[in-house]
Amino acid sequence: MEEGSPEKWNQANSNCAGRQQSPINVVTRKTLKDERLTPFKFDNYQQIFRGTIKNNGHSVQVGVPHLSTISDGGLQTAYKAVQFHLHWGNNGGPGSEHTIDGEQFPMELHIVHMKHHYTDLTTALSDPEGVAVLGFFYEKSNSANKKYDPVINALRSIKTTNANTSLPSISLAQLIPPEQNLTHYYRYKGSLTTPGCTEAVIWTLFENPILLSNDQLRAFSELKFHDGKPMVGTFRPVQPLNGRQVYRSGGAVILASSALLVAAIATALGLSHPN
């Protein structure tokens with residue numbers, strides 16, 4: 001049975017046949033704007049850490065010290081980062097888990113967080129809103145993204161399953177777009193995308209993509225599954241919405257209103273200082 005086949009998930013765990021599964025296809029015209037989806041507050045995302053990067057047999061995963069947190073963004077409480085991992089296709093081909101209006105991107109980054117008062121992910125997953133995952137899409141660029149050098153270079157050392165190596169110092173902030181470019185996002189309730197597919201995840205999918213060169217994207221396809229075959233197609237197919245509503249942030253409105261405010265002030269200043 002192939003890694004990417006839906007049967008693998010459904011046989012592995014009955015949760016994987018649940019009604020609030022991830023990933024999904026986001027149909028943008030059916031999303032509802034939610035003014036509560038304000039910009040996120042990223043605390044200690046600039047914090048430099050030395051993580052361990054591991055080939056866990058179905059992805060590349062990096063453990064994160066529980067120092068970086070997210071809050072606001074429509075979340076009820078703060079969540080702390082636990083790990084990040086990636087999903088990709090074959091040699092830079094379509095490979096994201098989520099799709100937007102049917103478009104599948106070459107790769108997707110998941111930064112997994114748990115509610116700040118939990119100490120382990122297993123406990124957090126027993127809370128229906130215990131986990132918050134930030135999802136970022138990648139797009140191909142003509143030039144390499146130097147901020148990704150530590151991750152890409154480490155891949156050579158972890159080609160086989162369960163291989164791991166220490167990463168040079170990195171921060172979560174260097175892996176994602178600048179904070180001011182993260183106000184546009186989608187939100188829905190879903191699940192882990194690997195067994196046991198636990199339905200305890202608040203998903204956030206950011207519109208603004210991360211750019212990597214074709215060579216950087218292809219480097220992930222050089223990893224191997226436990227059977228020695230190339231680790232490609234490491235994404236779960238999109239799952240039925242089953243009536244769930246997908247929301248979009250009010251980012252555009254905030255930007256528009258602040259632009260109007262600036263224009264109003266400029267006009268007022270112009271009136272008070274006639275030529």
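**Definitions put to work**

Author: D101 is placed in the loop between β8 and β9 (103-104), where helices (H or I, at least four residues) and strands (E, at least two) are DSSP runs, numbered from the N terminus. This is a predicted model, in which local features need pLDDT of at least 70 and side-chain atom pairs count only at pLDDT 80 or more, while totals for chains, interfaces and linings use all residues. Residues are numbered from 1 along each chain as its sequence is written, and side-chain values use heavy atoms, with hydrogens and water left out.

Reader: What makes the phi of D101 worth a remark?

Author: The phi of D101 is positive, at about 50 degrees, although D101 is not a glycine.

Reader: Why is D101 called partly exposed?

Author: Buried means under 20% relative accessible area, exposed means over 50%, and partly exposed is what lies in between (1.4 Å probe, protein chains only). D101 has a relative accessible area of 45%, and therefore counts as partly exposed.

Reader: Why is the contact of K115 and D127 called a salt bridge?

Author: The term asks for a side-chain nitrogen of Lys or Arg within 4 Å of a carboxyl oxygen of Asp or Glu. The side chains of K115 and D127 meet with N to O at 2.9 Å, and therefore the pair is a salt bridge. K115 lies in strand β10 (residues 107-115) and D127 in the loop between α2 (121-124) and β11 (131-141), so the pair ties together parts that are 12 residues apart in sequence.

Reader: Are K115 and D127 buried or exposed?

Author: K115 has a relative accessibility of 14% and so counts as buried, and D127, at 12%, counts as buried too.

Reader: How many salt bridges are found in the whole structure?

Author: A search of the whole structure finds four, and among them is the one between D34 and R36, with N to O at 3.0 Å. Here D34 is buried, because its relative accessible area is 11%, whereas R36 is exposed, because its relative accessibility is 62%.

Reader: How do you know that K41 and D43 form a salt bridge?

Author: The closest N and O atoms of K41 and D43 are 3.2 Å apart, so the pair meets the definition. K41 is partly exposed at 41% relative accessibility, and D43 is partly exposed with a relative accessible area of 29%.
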